[in-house]
Amino acid sequence: MKKISDILIIDDDELLTESLSDFLIAKGFRVKAAHNGKEGIDIFERQQSTLVLLDQELPDMRGIEVCRRILDINPNTKILFITAYATIEYAVDAMQAGAFNYLSKPFELDELLITIDMAVKNVHMEGKLRVQDYERKKEKEEKRLVGSSEVMKRIREQIALASGSDANVLITGETGVGKNVVAEAIHDLQDRRETFLAINCSAIPENLIEAEYFGYEKGAFTGADARREGIFELADGGTLLLDEIGEIPIHLQSKLLTVLEDKSIRRIGSGRIIPVNVRIIATTNQDMEKAIQDRRFRQDLYYRLAVFNMRIPPLREHPKDIPEIADYFVKKFLRRPISVPDSHIEQMKKYPWPGNVRELRNVLERASLLLRGDEIRPADLLLQDDSGARLGKIDQEGLNTENISTLEEVEMRHILSAFDLCAGNKSLTARTLGISLSTLKRKLKEMHIR
C-alpha cells in the first residue's frame with residue numbers, strides 16, 4: 001500500500017488513540033493525536049495532514065464542525081469519521097460536510113487499512129487531475145487568439161457561432177495559422193461538452209488507423225492482447241479534433257462517414273454496435289476542392305464535416321496584428337519588458353510569413369535567445385538559412401523576395417533529402433519525417449517518384 005505521509009487522529013478516547021497510533025506507526029505512518037476539537041484544529045493548522053481520523057462526538061464540539069474547519073484550511077485532506085453512532089442520517093451529514101468515509105466502532109484494523117488504502121488512491125488520483133487541470137490551463141494561456149484586426153474579429157464571431165451548436169466544423173488554412181487554437185476555442189465555449197480529445201490523422205500509421213479510431217476486442221488480430229477503446233469511445237460526450245483530416249486514406253473515409261451518419265461504432269473483432277455522441281472538429285491545410293477532384297477525399301464526407309466551414313487566413317492577410325502578436329510572444333519568452341524596435345515591426349509587417357503565426361513565434365523565440373541589451377531584433381533573422389547566412393535584405397522601402405523558396409519547394413527538397421538518406425525505404429522515410437506512409441507516397445507521386 002502506498003503511504004499517506006502522515007495521519008492526524010482526533011478522538012477523546014485516549015486508549016483508542018494510543019493503540020491506533022502504535023498500530024499505524026508500525027505500518028510506516030507518521031501519526032499525531034489530539035483529544036478535542038480545538039486541539040486537533042490547532043495541530044492541523046501548524047502541520048497539515050493528508051488524512052484525519054475524526055471522532056463524531058468530542059468534548060468541546062461535534063466532529064462535523066471540526067470536519068468543516070479542517071476542510072476550510074485544506075480541502076484536499078481526507079476525513080475518515082470513526083463513530084459509535086453510525087446512522088443513515090449521520091452518514092449523510094458527514095458526506096455533506098465533505099468527509100471521505102466513515103467507520104463504525106468497533107472496527108477491524110484490516111478494515112481501517114483498506115479504507116486508508118482507498119483514501120491513498122483517491123489522493124493520488126486527485127493529485128494527477130489537479131496537475132492535468134493546471135497543465136490544461138497553462139496550455140490555454142499559451143494558445144490564445146491574439147489580434148484586434150477586422151480579420152480576427154470575424155474569426156472570433158465565427159467561433160462564437162460554431163460553439164452555439166453541435167454541428168461538425170471544418171477548419172481550413174495554411175500550416176501555422178492556428179487552426180488547432182481555433183478548434184480548442186470553439187470547444188472551450190461549449191459548457192455542455194467537457195472532454196476534448198485531439199488526434200493527428202497524419203501521425204497514425206495507415207495499418208493502425210482503424211484500430212485507433214474504433215478500438216478492438218482481445219484476439220481481433222495479432223498483438224491484440226486486450227480489449228481497447230478507440231478515440232470515438234474515449235471522446236464520447238465530448239469533442240474530437242481530427243487534425244489534418246485530409247491525410248486519412250480514401251478506403252477508410254467511408255467508415256468514418258458511417259460513424260458520422262449512424263453515430264455509432266463497432267470495434268474490430270466485435271459484432272456489437274456502440275452508440276457515440278461526439279462533436280467533430282476537423283482541420284486541414286489542403287485544398288479540399290482539389291482533393292475531391294483528384295479523388296483523394298470523398299465529397300459526401302466533406303459535406304458531413306463542413307456543416308460549419310471556417311477558413312483561417314494566413315498572417316500576410318492581416319499584418320496589422322503582427323505588433324500585438326509579437327508583443328504577446330516576447331512577453332511570454334522573456335517575462336520582462338523588452339521592446340521591439342519600430343523599424344523591425346515595419347519590416348515584419350512586409351515579410352510574407354510563409355509559415356504564418358508558427359514561423360513568427362519561432363523567429364521571436366530565436367531572437368529572444370540571441371537578445372543583447374534591452375531590444376529584441378527579430379527582423380534580422382527573417383531571411384537567414386539554418387546556418388545563419390543571409391539570403392536577402394529587408395528594408396523600409398520594400399521586400400526582396402527573389403531568393404525565398406516557396407514552401408512547396410522547401411518541402412520537396414526536404415522529402416527528397418530524407419528519402420535519399422533512408423536509401424529509398426519509404427516506411428523508414430515516413431517515420432523519420434513524422435508523416436503517414438500514405439502521405440509520403442502521395443507526395444512522392446506528385447514529384448513523379450515511384
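Let's start with Trp353, which sits in the loop between helix H14 (342-350) and helix H15 (356-369). Trp353 is not a glycine, yet its phi is positive, at about 50°. With a relative accessibility of 0%, Trp353 counts as buried. Keep in mind that this is a predicted model.

Glu244 is another non-glycine residue with a positive phi, here about 55°. You'll find Glu244 in the loop that runs between strand S8 (239-243) and helix H10 (250-262). Its relative accessibility is 13%, and since the buried class covers anything under 20%, Glu244 counts as buried. Then there's the peptide bond from Lys105 to Pro106, which is cis, with omega near -10°. Pro106 belongs to the loop between strand S5 (101-104) and helix H5 (109-142). For background, most residues other than glycine have a negative phi, and most peptide bonds are trans.

## A buried serine in a loop

Ser436 is in the loop between helix H17 (426-433) and helix H18 (437-446). What does Ser436 touch, leaving aside residues up to four places away in sequence? The contacts are Ser202, Ile204 and Ala430. Ser436 has 3% relative accessibility, so this residue counts as buried.

## Where H13 meets H14

Two packed helices are described by the angle between their axes and the distance between the axes. For helix H13 (residues 322-334) and H14, the angle is about 115° and the axes are 10 Å apart. The crossing of H13 past H14 is right-handed.

On the H13 side, the contact involves Ile322, Pro323 and Ala326; on the H14 side, Ile345, Met348 and Lys349. Sorted by class, that gives 5 nonpolar residues, 1 charged and no polar ones.

## Aromatic pairs

Searching the whole structure turns up 8 aromatic pairs. One of them joins Tyr216 and Phe221 edge-to-face, 4.8 Å centre to centre and with 65° between the planes. Tyr216 is buried at 12% relative accessible area, while Phe221 is partly exposed at 33%.

Why does the pair of Phe329 and Phe333 count as stacked? Their planes are at 15°, under the 30 degrees cut-off, and the ring centres are 6.0 Å apart, so the pair is stacked. Phe329 and Phe333 are 4 residues apart in helix H13, so about one helical turn separates them. Phe329 is buried, with a relative accessible area of 7%, whereas Phe333 counts as partly exposed at 21%. Elsewhere, ring pairs tie Tyr213, Phe214 and Phe232 together in a cluster.

Methods. Residues are numbered from 1 along each chain as its sequence is written. This is a predicted model: local features need pLDDT of at least 70, side-chain atom pairs count only at pLDDT 80 or more; totals for chains, interfaces and linings use all residues. Side-chain values use heavy atoms; hydrogens and water are left out. Helices (H or I, at least four residues) and strands (E, at least two) are DSSP runs, numbered from the N terminus. Buried means under 20% relative accessible area, exposed over 50%, partly exposed in between (1.4 Å probe, protein chains only). Contact means heavy atoms within 4.5 Å. Axes are lines fitted to C-alpha atoms, for helices over the stretch in contact, and angles run from 0 to 180 degrees between N-to-C directions. A crossing is left-handed if the near helix is turned anticlockwise from the far one by less than a right angle, and right-handed if clockwise. Ala, Val, Leu, Ile, Met, Phe, Trp, Tyr, Cys and Pro count as nonpolar, Asp, Glu, Lys and Arg as charged, and the others, Gly among them, as polar. Rings of Phe, Tyr and Trp (its six-membered ring) pair if their centres lie within 6.5 Å; planes under 30 degrees apart count as stacked, over 60 as edge-to-face and the rest as tilted.
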